[in-house]
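Please read the points alongside the sequence and coordinates.

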Amino acid sequence: MRRPHAEYPELSSAYGAALLAGGGCLRDGPVGRVGLEIEAHCFDLSDVTRRPGWDELSEAVAAVPQLPGGSAITMEPGGAIELSGPPLDGAGAAIAAMQADQTVLRESLRRRGLGLLPLGVDPLRPQARVNPGGRYRAMEAFFAAGGTGAAGAAMMTSTASLQINIDAGPRDGWADRVRLAHALGPTMIAVSASSPMLGGEFTGWQSTRQRIWGQLDTARCGPILGASGDDPASDWARYALKAPVMLVHTPEAEPVTEWVPFADWADGRTLLGGRRPTEADLDYHLTTLFPPVRPRRWLEIRYLDALSDDLWPAVVFTLVSLLDDARLSQIAWEATESVATAWDQAARVGLADPRLRAAAVQCVQAAAEVAPADVAGSMDRLLRQVMQGRSAADDFADQVVAHGIDSAITGLALDDRLKGGV
């Protein structure tokens with residue numbers, strides 16, 4: 001059971017809070033371990049307009065047999081289901097374990113008439129929170145008070161991602177590693193884009209998920225890099241102390257509806273819940289920050305749309321290889337130089353942008369040349385797509401136009417392969 005926040009040491013200053021936040025954000029060591037977190041929207045296969053309720057989802061998850069790959073199952077505010085795999089040695093092992101867990105989960109849910117839709121955004125149903133947790137109630141109130149209520153609701157209840165967790169690596173390489181993880185962002189957003197619709201309508205964006213995140217405040221969701229990016233730990237500490245506090249435990253989660261940077265709380269300029277923050281408050285505050293690359297002792301790569309089973313292994317292998325293989329990292333630096341900050345362009349038009357397409361081809365091709373046999377099929381499909389300037393967003397849009405949105409959702413949720421124009 002979690003101890004009350006009052007039992008943790010109280011912070012005496014923003015400086016002390018910064019030392020704690022920065023000091024433990026990255027772990028010195030070799031690269032090689034990979035952990036995966038995959039979300040998918042849960043649909044009623046007999047009525048795709050219905051959002052399954054919390055009790056129904058809880059019963060369905062409780063009935064899932066033990067997962068062979070060791071993933072944990074959690075449910076997001078809108079009822080999306082997430083598999084969080086353990087860190088394993090290499091992308092291949094992490095991919096194989098996650099594939100095994102996905103198979104067990106999908107078959108168990110299907111016996112209850114439920115399917116998983118691996119798209120970056122729920123393309124049809126209105127935003128609605130089914131998770132009753134106090135954290136999410138407080139988040140709703142926080143976003144509403146800050147004028148981003150619609151985007152906050154969409155982020156919490158309508159988005160789904162593919163998250164890749166990798167080792168921070170040796171200390172003397174942290175700056176370059178974090179910079180490259182950011183530089184790859186726009187290219188990999190374009191490659192993984194799978195969310196062209198929201199609320200039953202085309203949005204005009206290839207990655208509507210990334211657009212939604214871009215509508216939230218940059219102090220909480222923007223990149224963490226400082227002016228030089230030479231010291232990721234200091235950049236993270238500065239980012240964390242400037243970011244506004246989202247909620248405070250009193251002991252229940254209560255929203256903070258005014259803009260209060262954590263530094264102001266730590267320095268005592270503002271008291272929240274009638275008190276100064278503890279170390280536990282700082283730890284919790286860090287979990288409410290959502291930059292595209294987040295240091296959690298390891299690096300969380302958070303900018304990818306959820307993808308179908310025939311594509312996500314290739315995206316995982318590509319990104320991990322570009323970051324962990326020194327030779328491929330150099331290729332990635334050169335390939336992404338002209339598009340390293342093109343976040344909005346990548347989300348809007350994806351691989352239709354010739355510079356992003358060229359960067360994607362170079363990156364995916366380099367990874368495909370070293371891919372093992374067990375991901376070769378996925379790599380071949382991804383490489384064909386990027387060479388044609390297409391993504392999963394194009395395939396899904398084609399299915400919707402040709403067969404209607406209900407059929408497109410059902411087909412993908414049943415794990416049919418989208419062939420599109422490939």
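1. In what follows, helices and strands are DSSP runs numbered from the N terminus, a helix having at least four residues and a strand at least two. The model is predicted.

2. The largest pocket has a volume of about 760 Å³. Its lining comprises 27 residues, and those nearest the centre of the pocket are E76, E82, R135, Y136 and R294.

3. Several elements each give at least two residues to the lining of this largest pocket. The strands among them are β1 (33-44), β2 (72-75), β3 (81-84), β6 (161-166) and β12 (299-305). The helices are α4 (134-145), α5 (149-158) and α8 (208-214). By residue class, the lining of the largest pocket holds 10 charged, 10 nonpolar and 7 polar residues.

4. Over the whole structure, 5 cavities of 30 Å³ or more are found. The largest cavity contains about 100 Å³ of space. Residues that line it include I38, E39, A40, I81, L83, Q102, L105 and R106. Two or more lining residues come from each of β1, β3 and α3 (91-110). The lining of the largest cavity consists of 8 nonpolar, 3 charged and 1 polar residues.

5. How many disulfides are there? The count is 0, a disulfide being taken as two cysteine sulfur atoms within 2.5 Å. For C221, the closest cysteine sulfur belongs to C25 and lies 18 Å away, so the distance is too far for a bond.

6. Two cysteines may be noted for their burial. C221 is buried at a relative accessible area of 10%, and C363 is likewise buried, at 0%.

Note on methods. Residues are numbered from 1 along each chain as its sequence is written. This is a predicted model: local features need pLDDT of at least 70, side-chain atom pairs count only at pLDDT 80 or more; totals for chains, interfaces and linings use all residues. Side-chain values use heavy atoms; hydrogens and water are left out. On a 1 Å grid over the protein atoms alone, a cavity is a set of points where a 1.4 Å probe fits but cannot get out, and a pocket is an open set with protein on both sides within 12 Å along at least five of seven lines; lining residues have an atom within 4 Å of a point. Grid points are joined across faces, edges and corners, and a volume is the space filled by probe spheres set on the points. Ala, Val, Leu, Ile, Met, Phe, Trp, Tyr, Cys and Pro count as nonpolar, Asp, Glu, Lys and Arg as charged, and the others, Gly among them, as polar. Buried means under 20% relative accessible area, exposed over 50%, partly exposed in between (1.4 Å probe, protein chains only).
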